Structure formats: C-alpha cells, structure tokens
Protein chains: 2
Amino acid sequence: MSSSSATPGRGEKAEAAAAKPPMREALVAAAFQLFLERGYEQTTVDDIVTLAGVGRRSFFRYFPSKEDVVFPDHERCLADMTAFLATSGEEQDHEPVRRVCDAARLVLRMYAENPTFSVQRYRLTKQVPGLRAYELSVVWRYERALAEYLRRRFSGRRDGTLQADVIAAAVVAAHNNALRSWLRSDGQGDASAEVDHALGYVQSAFGAAPPPRPAGGSPDGPADEPAEDVVVVVSRRGAPLWRVVQEIETTLARD
Amino acid sequence: MSSSSATPGRGEKAEAAAAKPPMREALVAAAFQLFLERGYEQTTVDDIVTLAGVGRRSFFRYFPSKEDVVFPDHERCLADMTAFLATSGEEQDHEPVRRVCDAARLVLRMYAENPTFSVQRYRLTKQVPGLRAYELSVVWRYERALAEYLRRRFSGRRDGTLQADVIAAAVVAAHNNALRSWLRSDGQGDASAEVDHALGYVQSAFGAAPPPRPAGGSPDGPADEPAEDVVVVVSRRGAPLWRVVQEIETTLARD
C-alpha cells in the first residue's frame, strides 16, 4: 500500500510522515522517554526538543500538538486504510464485510510492528484523560472510514447506511477488544490470531463466510484457513421439525 | 425510573440535576441563546451568567465547564441507564440484547423530550470540534454501560467480553444512526419508530426475537408486536443434513 494516495490536505506533513526521517523518530523516542520518567502532564514540548536536540519549530513541523506525538502513526494508518478501501477491486467488493475486516487489520499491524512502544502507550493513555479523548477521536475516524466504504457498497440497499454504520462499529469494537486484550498481556501472545478470531465473530453475524479457497490459499489470506461456508436457518420455535428441515433443504438447493 | 440510584460520587450534583431547579434551566437557556447569537467559542461563562442574572459560582455549581452546559442531561441519562440495567429482573435478563436496546431508548427519549433544543445542539456540535470530542466521550460512556451489563450477563460464555463489546457498539451505532437521521430532519418524523427499526436490525443479527406476549401486550412494549421466538442454527454447508437436524433437536431440547 502506498501513502501517495493520502487524503488531500495533508500535503507536506503526509510526505514527512511517510518518509519517517530520523528527526521524527528521535522526537517520538525523546517524548516517550520523558513521559515515562516524569509523566505526560509534567513534560513540555520544550523538554522534548531539548532532549532530542532540535528546535521547537522542528517539533511542530511533525506534530501539531503534544498529544500527536503519542500517536505518531495514526495519520499514516488512516491514509493507508482509506487508500486500501478506495482501491478495492470487484473481487474484494463482492464481500464488503470481509473487506472492512481486512482494513481493520491494518491498524493491528501498526500496533504489532512495535509491541513495546504500543504497550507503553496503552498504559500512558489509560492514565491521561486528554489522551483517552484523543484516542476516541482517532477510533471514530477509523470507524467513519469503514462506514463510508460500506455506505458506498450498500448504497442500493434499503437500510444501507444503517447497516454500514452498525457493521463498521462492530468491526471496530471486535478489533479493539482483541487489541486491548493483547496490550493488557504486555504484547505477549499472537495479536493477529486474536484479532482474526474477534473479526470472525463479526463476519459470522453480518457477512458471508469466506468462499472456499484454492489449495495453497490466496495472496491475501493464510493457506490453512478452513473454508467455512455456512448455512444459517432461522425458524420460529413453534415450527414443526419437518418444516425446519424443509427450509434447510430449500436453502441448500437454492445454491 | 428513579434518579435515587444515581452512580456514587455524583451526590449533590445528581440531586440538583434530578430536581432541575429553574436556575439550572435558566443557565442552559441563556447559554444557548448566546451560542446561537454569537457562536459557541465567542461566548464566555461570564456572558452566560450575566444574561441569566446569576453569579459565576452558580454556573459552576451545576456545570463543571462550558462544554457541560451544552449537554445538560447526559449525566442524568447515564445514571438512569445504569440504574435501569442494574435493576433488571430475571425476565429481562433472559434477553440481554433486548435489554440493552431498551436501555439505549432512554437516550432517544431524552432527545425527543425537547426536539427544538436537540436540533439546535446537533447543529452546534457539528460546528465545534471541542463539542464533538465531548460528545464522543459521552457516547463512549453509554457504550461502556451497555457493554458492562452484557459482560456480566455473558460471563459464563466463551468470548463473552468480545460479544458484549461488539453488541454494545452495534446498539449504539444503530441508535445513533436513527437519532442523527431524525436530528437532520429537524426533529420531524417519528424518532421512536426510527430507533425501533434500527435496533431491530441489531436484534436480528445478535439477539433472540421478543418472546410471546400476553394478549394486550406488556407495559414496556406494544401489543401488536408479533411473537417470534426463533431458533437459529448455523451449520457448515458441507455438514450432512442429519447432523443439522440433530443440532436443531438438541437446541430445542435444551430449553
């Protein structure tokens, strides 16, 4: 995925973020060292630039505020997610719920790239209400990106926007449930497997299950994921058993 | 529902909120008059208390900050929701998804009590980023209240916390989709029917349908809602029919 399709208006900042020059990383490292030593509130931008050995202007070139240095990769990840959903082809769009689940995995990947940093930030965010609020606004933007994609996909459906909003919220909640469980375990365990499991729950509630894969798997999925094409039968409890069986047979025959 | 079971720590403020003395209402009215005339950012707390004819201390007795006067009833509503979920009996707890949908309707009721005010606030919130952030934090607290209830109900389930978080998020998203649609229509239309429809989508994805009602309906639901107690069976498509039938029989027998 390229950052070249970053959302308009980010301009130079987006390029700087994508290139990740050493100065930007040095600022993040200095900031976190001080946050952990002194606490977030007790650390000023001046403290950070002094430790990093750069000027104030350099800080604000990369980060609009002190809060932004705590979440240095979300803008890039949001741009990646938007690009990922914008470049969906016909095959991917055929299963929109699966597609937004894959988009959510981009966030997990960002966290899993650097477990130590992610765990430190998780603890910091829990302690500082301002950071919690910042995080909520970031989560909201991810959710909107997923919902906007689904709204486009469901534009012909009755209740399309409702379904899009609900599914996007469910995907984000499932992803974050698994992500936070992994962060609480200090980044031990298999984050990817936990997120897959959580997103599987959402897919089972809202989406078609993945279609059978050719042996060896496809490029965007592991080879050993079982093909779990399912039949869902909903029947009134009072219905006689033969009626339920008839319904199943009809459903199977329809394919 | 009584506000006497407000969450601990709210103390006097909770009572003041529940009693809704004229001074509190006067402050809200003055604040909104100024927000609409001058804009939110251009209005100070001093402006508000001057117009309301009270002292600064009175303002802060009711509202911790200027943002809080924009959302004067959320604390009461959150307390009502918590109390509503805490006092669930065996009958209500039998259908936890339905219960959280009913809890979400308390929020709708608060908005629908005063459509003009709700629509004005909706427009204001869209314009002021700080208020948008405040609203996100309020929405998050509602979602957590629903999720905590579901986590308790699902404590024996495998994936109980995952399911609780996902369903709570879906309920909030559905509620807000309908609420915002109603607010965008300037409070025209039947907000309650829109929310019922939206929550019905979540119930169809996650919850059992409502149980049969006695003729004439129950106090908390309409009489003409059909009794649709259902059995849901999910089966791998490859499974033999006898295996599916066995699963249905087991499910029915378990009740």
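Reader: How do the axes of helix H6 (residues 74-86) and helix H10 (residues 129-153) of chain B cross?

Author: Axes are lines fitted to C-alpha atoms, for helices over the stretch in contact, and angles run from 0 to 180 degrees between N-to-C directions. In this predicted model, the axes of H6(B) and H10(B) come within 10 Å and cross at roughly 5°. Angles under 35 degrees count as roughly parallel, so H6(B) and H10(B) are roughly parallel to each other. Contact means heavy atoms within 4.5 Å; among the residues making it are B:Leu78 and B:Met81 of H6(B) and B:Tyr142 and B:Ala145 of H10(B).

Reader: What should the 18 residues of helix H8 (residues 96-113) of chain B span?

Author: Helices are DSSP runs of H or I with at least four residues, numbered from the N terminus. The expected span is 1.5 Å times one less than the number of residues. For H8(B) this gives 26 Å, and its end C-alpha atoms are 26 Å apart, which agrees. Buried means under 20% relative accessible area, with a 1.4 Å probe and protein chains only; 14 of the 18 residues of H8(B) are buried.

Reader: Is B:Thr125 buried or exposed?

Author: B:Thr125, in helix H9 (residues 115-127) of chain B, is buried, with a relative accessible area of 3%. Leaving aside neighbours within four places in sequence, B:Thr125 is in contact with B:Phe71, B:Leu131, B:Arg132 and B:Glu135.

Reader: What conventions apply?

Author: Residues are numbered from 1 along each chain as its sequence is written, and chains are lettered from A in the order in which they are written. Local features need pLDDT of at least 70, side-chain atom pairs count only at pLDDT 80 or more, totals for chains, interfaces and linings use all residues, and side-chain values use heavy atoms, with hydrogens and water left out.

Notes. Helix = DSSP H or I, 4+ residues; strand = E, 2+ residues; numbered from the N terminus. Buried < 20%, exposed > 50% of the residue type's maximum accessible area, 1.4 Å probe, protein only. Parallel < 35°, antiparallel > 145°, perpendicular 65-115°, else oblique.
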